[in-house]
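Please view the sequence and the structure first; the description follows.

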Amino acid sequence: MNPPAIAIRPRIVSAVGSGAFAPESETHLARELAAHGELLATVDAFDTPEALAALAEADVLITGWRTPRVDAAVLDRAPRLRWILHVAGSVKDQLDPVVWERGIQVSSAVDANAVPVAEFTLAAILMSNKRIVQIAREYRERRELIDQAGLGVVGNYRRVVGIVGASRIGRRVVELLRPFDLDVLLFDPTLSDDAVTALGARPVTLAELCAESDVVSVHAPSLPSTRGLISAPLIASMRPGATFINTARGEIVDQQALTERILVGDLHAVLDVTVPWALPPDHPLYDHPNVLLTPHIAGSVGTEVDRMIDTEIAELRRVAAGEPLAHPVLLESLVIAA
């Protein structure tokens with residue numbers, strides 16, 4: 001028989017970082033933390049007198065996009081720390097492996113952050129197949145009715161969508177595509193053909209996916225082994241008129257090859273991520289009619305940030321009630337993406 005859970009009122013340090021969220025979400029986070037524990041301090045750095053005093057007493061550390069890296073030196077200042085709750089997706093950039101080595105339990109809002117990325121991707125796929133960006137631009141320029149019979153190959157009926165990577169986001173995109181009359185291909189070298197089929201997609205090689213898809217959407221992790229995964233030959237193999245969508249990381253793609261193919265004029269792209277994060281002001285993709293560039297907004301923004309906050313506040317309630325975390329992050333997961 002398990003021992004009864006022991007309720008506590010956790011002492012909390014929030015190190016999400018000022019400016020990481022909109023003011024309304026920052027207020028929401030602070031209010032919820034104070035309601036479910038004792039908020040000792042909100043800090044932007046770990047070496048200030050206020051931070052040092054608070055860390056010495058903290059049971060829980062709240063981290064996020066702008067949190068300084070938590071390493072052995074930080075943990076040495078926090079001898080009572082038992083939980084780190086990450087109000088964002090991946091913890092790879094913020095948490096050193098020593099966190100797990102010292103037995104600290106970690107939770108992340110990675111599942112909550114996957115929701116808007118998958119929704120963004122679904123919208124991008126459906127809009128791309130309808131050529132909405134290009135047609136709207138032409139309509140604005142011509143300012144007269146455009147005969148639909150002259151639009152060319154547009155529409156979402158029986159089109160082929162290729163998903164690169166069965167990450168949390170990739171899987172959710174496949175799920176969101178189920179109600180539509182689309183043929184969904186999936187490449188993920190970690191899954192068997194039967195596992196891919198069970199997700200509701202057709203297993204293919206990466207080469208087959210790029211050559212056969214009307215839309216290619218990238219959801220692979222950013223790892224040394226995936227840098228340049230979408231190579232120049234694969235980009236060259238994509239169908240004329242196809243759309244390439246990237247909401248993962250820019251380094252997964254040979255960006256120069258992608259740019260050169262787009263400049264030919266027969267490939268479309270929806271790019272929420274590039275290398276660097278913001279392209280130089282004179283980069284040709286900004287003005288190209290076949291490209292929709294967005295500044296890394298597929299993930300949680302605005303009200304969607306509150307979903308991540310609420311996920312980790314629920315974890316804080318579990319901590320206070322002596323219950324196990326619902327979204328634990330294991331050390332071995334650091335080598336795969338969300």
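Predicted model: local features only at pLDDT ≥ 70, side-chain atom pairs only at ≥ 80, totals over all residues.

Val 161 stands opposite Val 215 of β9.

## The chain as a whole

The secondary structure of the protein chain consists of 12 helices and 12 strands. The C-alpha trace spans about 70 × 45 × 35 Å along its principal axes.

Of the 338 residues in the protein chain, 48% are buried. The accessible surface of the chain amounts to about 16200 Å², and carbon and sulfur atoms account for 55% of that surface. When contacts between residues at least 6 apart in sequence are considered, 65% of them join residues at least 24 apart.

## The largest pocket

The volume of the largest pocket is about 880 Å³. Its lining comprises 34 residues, and those that lie nearest the centre of the pocket are Ser 90, Asn 113, Ala 248, Arg 249 and His 296.

Sorted by class, the lining contains 16 nonpolar, 13 polar and 5 charged residues. Helix α5 (residues 110-129) gives the most to this lining, contributing 4 residues.

Key:
Residues numbered from 1 in each chain as written. Heavy atoms only, no water. 1 Å grid on protein atoms, 1.4 Å probe; cavity = no way out; pocket = protein on both sides within 12 Å on 5 of 7 lines; lining within 4 Å. Points joined across faces, edges and corners; volume = space filled by probe spheres on them. Helix = DSSP H or I, 4+ residues; strand = E, 2+ residues; numbered from the N terminus. Nonpolar A, V, L, I, M, F, W, Y, C, P; charged D, E, K, R; others polar. Buried < 20%, exposed > 50% of the residue type's maximum accessible area, 1.4 Å probe, protein only. Contact = heavy atoms within 4.5 Å. Areas by Shrake-Rupley, 256 points an atom, 1.4 Å probe, with all protein chains shown as cover. Pairing = 2+ DSSP bridges.
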